[in-house]
Amino acid sequence: MTNTVYNIVQTNDPTSPAICASGRAELTYGGLLHQIIRTKEKFSRNNITHNDRVAIVLPNGPEMATAFFSIASFSEGLTVSIVLPDPG
């Protein structure tokens with residue numbers, strides 16, 4: 001089995017924490033897998049494919065990490081750019 005983000009998330013205990021941040025509820029591997037599947041479905045409905053470019057514009061934090069893992073897990077070849085907004 002290839003060690004892709006999707007395979008790693010899918011094979012971990014779904015109740016174990018996957019993404020944690022201070023003062024925030026943790027996201028389990030099961031929750032992350034759910035987000036990955038939802039993102040893939042939304043991309044598919046909107047005809048976003050591996051030939052497209054996607055920008056993630058979120059502050060650095062658990063939402064950005066979740067978005068990145070969700071897109072990277074199924075989008076081999078898709079160009080992903082992370083843009084951190086200016087905090088101030």
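Together with Phe69, Ile82 and Leu84, Phe68 makes a nonpolar surface patch of about 330 Å². Such patches consist of residues with over 30% relative accessible area and no salt bridge, with nonpolar side chains (Val, Leu, Ile, Met, Phe, Trp, Tyr) joined within 5 Å; a salt bridge places a side-chain nitrogen of Lys or Arg within 4 Å of a carboxyl oxygen of Asp or Glu. Accessible areas follow the Shrake-Rupley method with a 1.4 Å probe.

The model is predicted: local features require pLDDT of at least 70 and side-chain atom pairs count only at pLDDT 80 or more, while totals for chains, interfaces and linings use all residues. Residues are numbered from 1 along each chain as its sequence is written, and side-chain values use heavy atoms, with hydrogens and water left out.

The protein chain contains 3 helices and 4 strands, arranged along the sequence as α-β-β-α-β-α-β. Its overall values are tabulated below.

| Property of the protein chain | Value |
|---|---|
| Buried share of the 88 residues | 22% |
| Accessible surface | about 6,100 Å² |
| Carbon and sulfur share of the accessible surface | 52% |
| Share of contacts between residues at least 6 apart that join residues at least 24 apart | 59% |

Contact here means heavy atoms within 4.5 Å.

The largest nonpolar core comprises 6 residues, namely Val9, Ile19, Tyr29, Leu32, Leu33 and Ile36; a core is a set of buried Ala, Val, Leu, Ile, Met, Phe, Trp, Tyr and Cys residues joined through side-chain atoms within 4.5 Å. Helix α2 (residues 29-45) contributes the most to this core, with 4 residues. Apart from this core lies another, of 5 residues, including Phe43, Val54, Ile56 and Ile71. Leaving aside residues up to four places away in sequence, Tyr29 touches Val9, Asn12, Asp13, Pro14, Ser16, Pro17 and Ala18.

Within helix α3 (residues 62-72), the buried residues are Pro62, Met64, Thr66, Ser70 and Ile71. Their cover includes β1 (17-19), β2 (27-28), α2, β3 (53-57) and β4 (79-83).

Asn47, in the loop between α2 and β3, has a positive phi of about 55° although it is not a glycine. Asn47 counts as exposed, at 63% relative accessibility.

Terms used: Buried means under 20% relative accessible area, exposed over 50%, partly exposed in between (1.4 Å probe, protein chains only). Helices (H or I, at least four residues) and strands (E, at least two) are DSSP runs, numbered from the N terminus. Patches are made of residues with over 30% relative accessible area and no salt bridge: like charges are joined within 9 Å, nonpolar side chains (Val, Leu, Ile, Met, Phe, Trp, Tyr) within 5 Å.
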